[in-house]
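Hi,

Here is the structure I promised to pass on.

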Amino acid sequence: MRNLTVSFRKIFTSTGFWLCVGATVILLFAMSVYTDFSTQNRYSVIRALTDLTAEERAQHYELCRTMVMREARSGWFTMFVPIITAFCFVPHICAERDSNAVRLQVFRSSRLKYNAAQFFSGTAAAGMAVLIGYALFCAAVYFLFPAPSEYSGWGAEIIAGYGSSLSELMLETALYGMFHSIPAMFCTAVMRNKYLIMCLPFFVKYALTQTVQMIFLNAVSYESTDLRLLEFVSLVNPDGLLFIADLPDFRVPALFFGITAAVFAAAYLIIEQNRRDCGA
């Protein structure tokens with residue numbers, strides 16, 4: 001417990017943690033949330049605030065505050081989460097190893113306790129940083145965009161069809177940030193170059209996302225639809241955690257992501273436990 005508390009304190013007081021919070025807010029405000037098909041203009045959250053009046057925003061259900069909170073979690077945000085979450089702990093861990101400070105901390109407790117505290121505090125802090133950034137974004141959106149009650153007709157019906165509550169959106173976002181910080185944490189066990197550690201998970205996730213999209217297009221066609229392949233795609237989709245509350249049965253995807261996280265955690269601890277230089 002002492003190792004976990006110390007690790008949390010170091011991360012929460014670091015520049016990287018608050019940089020992750022700020023980057024999350026900026027990315028969310030830069031996301032496209034509405035497309036005007038008559039003019040083919042795409043509106044990010046910032047552009048919708050600057051280019052559209054309050055009356056104009058109230059005419060498009062896509063700009064309802066609940067829809068904006070939901071749809072902003074897409075595009076560049078999902079792509080860059082592996083990098084911005086890595087800022088929470090990668091610079092700190094690499095600096096400790098470069099200064100050989102790890103040996104001293106390992107001898108004060110034990111190798112297993114220290115490594116477990118590093119893993120869980122780093123990934124939990126990453127999820128917390130994304131959650132704080134998302135909460136700040138939602139607070140701003142709540143006051144800047146129309147409420148669901150301001151819409152009527154089919155627009156109100158579409159808004160009501162998205163049943164995820166704000167608490168569910170926040171939980172999904174926190175889990176998403178936490179899960180996608182795990183590969184960077186694992187890389188700290190096998191690499192020492194902090195720039196490579198932060199960038200490699202980004203490229204791997206990008207490749208996985210593109211692969212999933214290709215499989216989805218192959219599964220859906222005008223002639224027939226491969227339902228089993230669609231189920232597989234929805235299961236392994238790296239962005240699936242952001243929409244897990246919308247699924248009729250979220251237990252299988254939750255189990256898949258949980259097992260994946262456990263495998264990474266076990267591999268990280270095994271590698272660190274078998275270091276001959278006491279983790280330095």
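Let's start with aromatic pairs: rings of Phe, Tyr and Trp (its six-membered ring) pair if their centres lie within 6.5 Å, and planes under 30 degrees apart count as stacked, over 60 as edge-to-face and the rest as tilted. By this rule there are 14 aromatic pairs. One of them joins Tyr 61 and Trp 154, whose ring centres are 5.5 Å apart with planes at 75°, so this pair is edge-to-face. Tyr 61 sits in the loop between α4 (54–57) and α5 (65–71) while Trp 154 belongs to helix α10 (residues 154–161), so the pair ties together parts that are 93 residues apart in sequence. Helices here are DSSP runs (H or I, at least four residues), as are strands (E, at least two), numbered from the N terminus.

Before I go on, two notes on where this comes from. This is a predicted model, in which local features need pLDDT of at least 70 and side-chain atom pairs count only at pLDDT 80 or more, while totals for chains, interfaces and linings use all residues. Residues are numbered from 1 along each chain as its sequence is written, and side-chain values use heavy atoms, with hydrogens and water left out.

(Buried means under 20% relative accessible area, exposed over 50% and partly exposed in between, with a 1.4 Å probe and protein chains only.) Phe 179 and Phe 257 make another edge-to-face pair, because their ring centres are 5.0 Å apart and their planes are at 90°. That pair also links distant parts of the chain, 78 residues apart: Phe 179 is in helix α11 (residues 166–179) and Phe 257 in helix α15 (residues 251–273). Both Phe 179 and Phe 257 are buried. Ring pairs also join Trp 76, Phe 80, Phe 202 and Phe 203 into a cluster.

Some rings have a charge over them (NZ of Lys or CZ of Arg within 6 Å of the ring centre and within 35 degrees of the ring normal). The charged end of Arg 65 sits over the ring of Tyr 142, 3.9 Å from its centre, and that of Arg 57 over the ring of Phe 145, 5.7 Å from its centre.

Now for the strands, which pair if DSSP finds at least two bridges between them. Strand β1 (residues 32–36) and strand β2 (residues 41–44) pair in the antiparallel sense over four bridges. They form a hairpin with four residues between them, and Gln 40 in the turn has a positive phi of about 60°. Opposite Tyr 43 in β2 you will find Tyr 34, and Asp 36 stands opposite Asn 41.

Glu 172 counts as buried, at 3% relative accessibility. Leaving aside neighbours within four places in sequence, Glu 172 is in contact (heavy atoms within 4.5 Å) with Arg 73, Leu 241, Leu 242, Phe 243, Ile 244, Ala 245 and Asp 246.

Cheers
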